[in-house]
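Could you walk me through this structure while I have it open in my viewer? I would like to know what to select at each stop and what I will find there.

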Amino acid sequence: MALAVMLRNGASFHGGCCGHQVLLSLIGPLLSTSKLYSSYRRPGAEPEKKQSWQNADFSFKKGIDHLKTQLSLLKKEAQDYFLGPRGHSLSKHSLEQTRVLWQFRSQEDLNKWVISSDVEIGGKSKVYLKLGRNNQAALLYGTLNTEVPRDGETAYSGYCSMRSRPAVGSFNRKKYYDWSNFNSLYFRVRGDGRPWMVNIYTDPYFSHQKDDLYSYFMFTRGGPYWEEIKIPFSKFFLSSRGRVQDSQHPVWLDKTLGFTIGDKVDGPFQLEIDFIGLLNDRAHREEFAYETYDKNTPV
Amino acid sequence: MNPQANLIFITSLLLGTTITISSNHWVTAWAGLEINTLAILPLISKHHHPRAIEAATKYFLTQATASALILFSSTINAWATGQWDITQMSHPTACLILTTAIAMKLGLAPFHFWFPEVMQGSPLITGLLLSTIMKLPPIALLFMTSPSLDPTPLTTMAILSVALGGWMGLNQTQTRKILAFSSISHLGWMTIILVHNPNLTLLNFYLYSIMTTALFLTLNTTKALNLSTLMTTWAKSPALNAALLLTLLSLAGLPPLTGFLPKWLIIQELTKQDMAPAAIAISLSSLLGLFFYLRLAYCATITLPPHTTNHTKQWRINKPVSPLIAILTTMSVLLLPITPMILAAL
């Protein structure tokens, strides 16, 4: 039975040469209870949801409305193109020394972020995001639980994160941020003393690099006062799938995509964020904080 | 980079270029092109940065495809006519495939998409090599086969290149991408006159190389990789900045600077060949290019922003300024009055 399932999975995976297709059609009716993909899922993963192609809505009117919104977005983009870089005039682009990227004042600002925690891999942390008092900040709060899920392969657990949704332009094309005018990130936060990790994802061209993240740490103070934290981009180090890489390079800022904040240690946590912005810190002269020369030169 | 390795790469570039431009047989020409492609790859990916590796990979894939197409077209021609002589390219399909292949090699629209990304991922001097030396062998091949090429695809690609180079360069803030788009538009000018007067193609290429080398070396002195850094160069090297202004205007094709010469001669030749609409189209499209040259000139010289830069290299120029900049800038600004001599030498 298991062998037949594997055979069927194998056939569907390889797209089938005719021999496999024949076999598939022969044993298919016998295995009508199995699915076309592996039925193992991680404990915290959501149960099978509808395939994306089952969500297709063939309503004509909705299609026309969708097309109209996308075309109006495209028209706006075309007009912005003639105004200058990113729709602002060149003088604004060249003179700006600060820029507010995400400011949390309403629910739609919160909708630009996605929260996640180790529930995805079967852990027990909880994380929530809501607007703070008077709609003046976003409050990311929850409980971290470093208890490792017992699935035999996970060694660590306990993380919560808040990720920015990638910006999409017209027709769902990826929009990149151009941060080349700036050299630091600027947060106005009120934490509870816990350290956070800030990650930047620059959309890479090759799939080998899709797990590349540039990370650094944000140490919050915990007091009742708001803090302004500046993290220069020169401090971000490169890691891939969580492993810090040997050969480091500075993050190139002309094509960044998204942003994560994460944490790790047991217990409750709270982080209030007023806004996240960029800063061109004139006093910061460092180009890159880590050594870039070859550390293991061949003899 | 290791000086010996650098020597090997630069020598290979010169070798590949020389082999191609001095060859009579298609296979030698193709071999020279391949040597060029391989030699410049380590120069593009000198810094082992993901963007540089991405640029090198994109460059390799497009150039390898184009080389394969060149070989394919010469094979079709050899199969049809029985000889491999570059100047005897008579089979029409072979000529069409060759045109496409060389358009891909050069970066003519609609095969230009790799060019800005590759320029953005490579250092400034490698960008210079990409715009000048790497263009010489394909243009030499076009020059040698120009009598047998079909004008229609060439003219279409040329006008499209000038227009697209102008439009796409409008909104850029990275100087290397702007220079890539300027290269694409100049290639359009070079291509449109190829079938009518190939000497003008070569003249345009030489003058473009001089101007663009002057520009790249100037930008390299001040390491101006984006517009904001360019805006602060007035304090570091004011005379060089003034020269940069003139070089940019020359690239844009404004009289009385040198850059006007090729454009003038090309429009004159097109008009003589009864191609006035093409001449109008290409002149109007190059106005778009004028906009971003003026924007570069505006950022470099006319604005005096009150800020400094966050780039440490701006404060001190590490190496002495290359004397080549002076020679090339002078040439790119003052050659217009000796036009008759240039025409006689064509």
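## A loop residue to start with

Select Asn135(A): with a relative accessible area of 38%, this residue is partly exposed, because that class covers values between under 20% for buried and over 50% for exposed. Keep in mind as you go that you are looking at a predicted model. Asn135(A) sits in the loop of chain A that runs between strand S3 (126–131) and strand S4 (138–144). Check its backbone too: phi is positive, about 55 degrees, although Asn135(A) is not a glycine.

Now stay in chain A and select Asn172(A), which is in the loop between strand S5 (160–164) and strand S6 (184–190). Here again you will find a positive phi, near 55 degrees, in a residue other than glycine. Is Asn172(A) buried or exposed? Its relative accessibility is 56%, so Asn172(A) counts as exposed.

## Into the cavities

The structure holds 5 cavities of 30 Å³ or more, and the largest cavity has about 140 Å³ of space. To find the largest cavity, select Thr202(A), Asp203(A), Pro204(A), Pro50(B) and Arg51(B), which lie nearest its centre among the 12 lining residues. Two elements give two or more residues to this lining: strand S8 (212–219) of chain A and H3 of chain B. Of these, H3(B) gives the most, with 3 residues.

Four helices of chain B each supply at least two of its lining residues: H8 (151–169), H9 (175–192), H13 (238–252) and H15 (276–302). H15(B) has the largest share, 5 residues. By class, this lining has 6 nonpolar, 6 polar and 1 charged residues.

## A serine between two helices

Go back along chain B to Ser45(B), in the loop between helix H2 (26–44) and helix H3 (50–81). Ser45(B) has 17% relative accessibility and therefore counts as buried. Leaving out residues up to four places away in sequence, Ser45(B) touches Ala52(B), Ile53(B) and Ala56(B).

## Two cis peptide bonds

Select Ala109(B) and Pro110(B) together: the peptide bond that joins them is cis, with omega about 0 degrees. Pro110(B) is placed in the loop between helix H4 (92–106) and helix H5 (114–121) of chain B. Then move on to Pro255(B) and Pro256(B), where the bond from one to the other is also cis and omega is near 0 degrees. This time the loop that holds Pro256(B) lies between H13 and helix H14 (260–272) of chain B.

## Last stop: the domains of chain B

Finally, zoom out and colour chain B by domain, with 1–142 as domain 1 and 150–345 as domain 2. The centres of the two domains, taken over C-alpha atoms, are 22 Å apart. Their contact takes 27 residues from domain 1 of chain B and 32 residues from domain 2 of chain B.

Methods: Residues are numbered from 1 along each chain as its sequence is written. Chains are lettered from A and ligands numbered from 1 in the order in which they are written. This is a predicted model: local features need pLDDT of at least 70, side-chain atom pairs count only at pLDDT 80 or more; totals for chains, interfaces and linings use all residues. Side-chain values use heavy atoms; hydrogens and water are left out. Buried means under 20% relative accessible area, exposed over 50%, partly exposed in between (1.4 Å probe, protein chains only). Contact means heavy atoms within 4.5 Å. On a 1 Å grid over the protein atoms alone, a cavity is a set of points where a 1.4 Å probe fits but cannot get out, and a pocket is an open set with protein on both sides within 12 Å along at least five of seven lines; lining residues have an atom within 4 Å of a point. Grid points are joined across faces, edges and corners, and a volume is the space filled by probe spheres set on the points. Ala, Val, Leu, Ile, Met, Phe, Trp, Tyr, Cys and Pro count as nonpolar, Asp, Glu, Lys and Arg as charged, and the others, Gly among them, as polar. Domain bounds come from an automatic or database domain assignment.
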